Amino acid sequence: MEVVIVADAKAGGELVAEAMARLLRHKPDALLGVATGSTPLPVYEALAAQVRAGAVDTSRARVAQLDEYVGLPADHPESYRSVLRREVLEPLGIPMDAFLGPDGTAEDVQAACEHYDRELAEAGGVDLQLLGIGTDGHIGFNEPCSSLASRTRIKTLTEQTRVDNARFFDGDIGQVPHHVITQGIGTILEARHLVLLATGEGKADAVAATVEGPVAAVCPASALQLHPHATVVVDEAAASKLKLADYFRHTYANKPEWQGL
């Protein structure tokens with residue numbers, strides 16, 4: 001696992017965006033796995049800036065969804081499909097027919113989960129999956145003690161997660177769905193490159209457990225240690241609990257430029 005420590009969220013966003021741009025220059029029809037939330041926004045903003053400047057062409061790129069609420073119509077403004085359309089697809093000029101995502105309104109949710117796993121495989125797999133991390137170490141909606149071999153499935157949200165997400169629903173927790181579809185950890189690990197972005201002191205403990213702790217279901221993100229190409233990009237605040245921070249700075253400073261992330 002490579003750990004890259006950057007000055008702040010903006011620098012992290014620019015670094016990850018350049019990795020995506022570099023991938024698209026090499027493979028124009030790459031399948032990018034994207035996440036929602038505030039942490040990845042600097043990535044999407046930096047990549048959109050590259051598109052506007054003509055530095056990268058996203059016209060053939062494809063986008064895959066990490067998770068989705070169960071029961072929200074696809075056109076609901078807070079469905080993750082709608083959020084990603086606003087924050088990723090439209091700014092990058094990627095049409096909806098290049099978007100892959102699970103059907104959160106399906107009558108048979110389990111069948112929809114299995115279908116999405118097949119759809120990702122038939123698309124050739126995710127080339128680069130962008131991940132955030134929760135303060136408890138969750139990735140996607142794989143809460144602590146999720147199976148490290150889990151596939152795309154339905155999960156019940158914790159009360160705290162629903163409280164946290166109520167801000168997107170006019171502060172009304174009653175509007176926040178109880179269930180989500182999420183790529184499982186086993187599904188996530190099938191992406192060719194995993195990039196976890198974490199910023200802020202509140203993520204420091206989770207980052208330390210992910211990078212320097214044991215591989216354990218209690219910290220789902222620790223499964224990234226099992227991946228052959230996993231990159232953890234953190235700002236100084238999120239890196240503050242890392243015992244090997246100086247080593248990580250040294251290795252990245254002396255990394256050949258041609259390697260990229």
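The model is a predicted one, in which local features need pLDDT of at least 70 and side-chain atom pairs count only at pLDDT 80 or more, while totals for chains, interfaces and linings use all residues. Residues are numbered from 1 along each chain as its sequence is written, and side-chain values use heavy atoms, with hydrogens and water left out.

Helices and strands are taken here as DSSP runs, numbered from the N terminus (helices are H or I with at least four residues, strands are E with at least two). Strands of a sheet pair through backbone hydrogen bonds, either parallel or antiparallel. In this model, three strands make an open sheet in the order β4-β8-β7, and their pairing is antiparallel. Strands β4 (67-69) and β7 (153-156) each have a single partner strand and stand at the edges, so one side of each is left without a neighbour in the sheet. On average, neighbouring strands of this sheet are turned by 30° against each other, direction ignored; such angles are taken between axes, which are lines fitted to C-alpha atoms (for helices over the stretch in contact), and run from 0 to 180 degrees between N-to-C directions. Two strands count as paired if DSSP finds at least two bridges between them. Between β7 and β8 (residues 179-182) there are four bridges, in the antiparallel sense. Within this pairing, R153 has T182 in β8 as its bridge partner.

Aromatic rings come next. A pair of aromatic rings is described by the distance of the centres and the angle of the planes. Rings of Phe, Tyr and Trp (its six-membered ring) pair if their centres lie within 6.5 Å, and planes under 30 degrees apart count as stacked, over 60 as edge-to-face and the rest as tilted. Searching the whole structure gives four aromatic pairs. One of them joins Y69 and F169, whose ring centres are 5.7 Å apart with planes at 80°, so this pair is edge-to-face. Y69 belongs to strand β4 and F169 to the loop between α5 (159-165) and β8, so the pair ties together parts that are 100 residues apart in sequence. Are these two residues buried or exposed? With buried meaning under 20% relative accessible area, exposed over 50% and partly exposed in between (1.4 Å probe, protein chains only), Y69 counts as buried at 1%, and F169 counts as buried at 3%. Another pair is formed by Y247 and F248, with ring centres 6.0 Å apart and planes at 55°, so it is tilted. F248 is buried, its relative accessible area being 8%. Y69 and F169 also belong to one aromatic cluster together with Y80 and F141.

Strand β4 also contains E68. Lys and Arg count as positive and Asp and Glu as negative, whereas His and the chain ends are not counted. A salt bridge is a side-chain nitrogen of Lys or Arg within 4 Å of a carboxyl oxygen of Asp or Glu. E68 is buried yet has no salt bridge, and R81, the nearest side chain of opposite charge, is 4.8 Å away. What does the side chain of E68 reach at 3.0 Å? The side chain of E68 reaches the backbone nitrogen of R81 at that distance, and a polar atom of the E68 side chain lies 2.9 Å from the backbone nitrogen of Y80.

Salt bridges do occur elsewhere, and the count comes to twelve. One of them links K10 and E14, with the closest N and O atoms 2.6 Å apart. These two residues are four residues apart in helix α1, which places them about one helical turn from each other. K10 is exposed, with a relative accessible area of 56%, whereas E14 is partly exposed at 39%. D127 and K27 also meet through their side chains in a salt bridge (2.9 Å, N to O). D127 lies in the loop between α4 (109-122) and β6 (128-131) and K27 in the loop between α1 and β2 (31-34), so the pair ties together parts that are 100 residues apart in sequence. D127 is buried, with a relative accessible area of 8%, and K27 is partly exposed at 27%. K27 and D127 are linked with R192 in a network of salt bridges.

Methods
A polar contact is a pair of N or O atoms within 3.5 Å; within protein, one must be able to donate a hydrogen and the other to accept it, and residues adjacent in sequence count only if both atoms are side-chain atoms.
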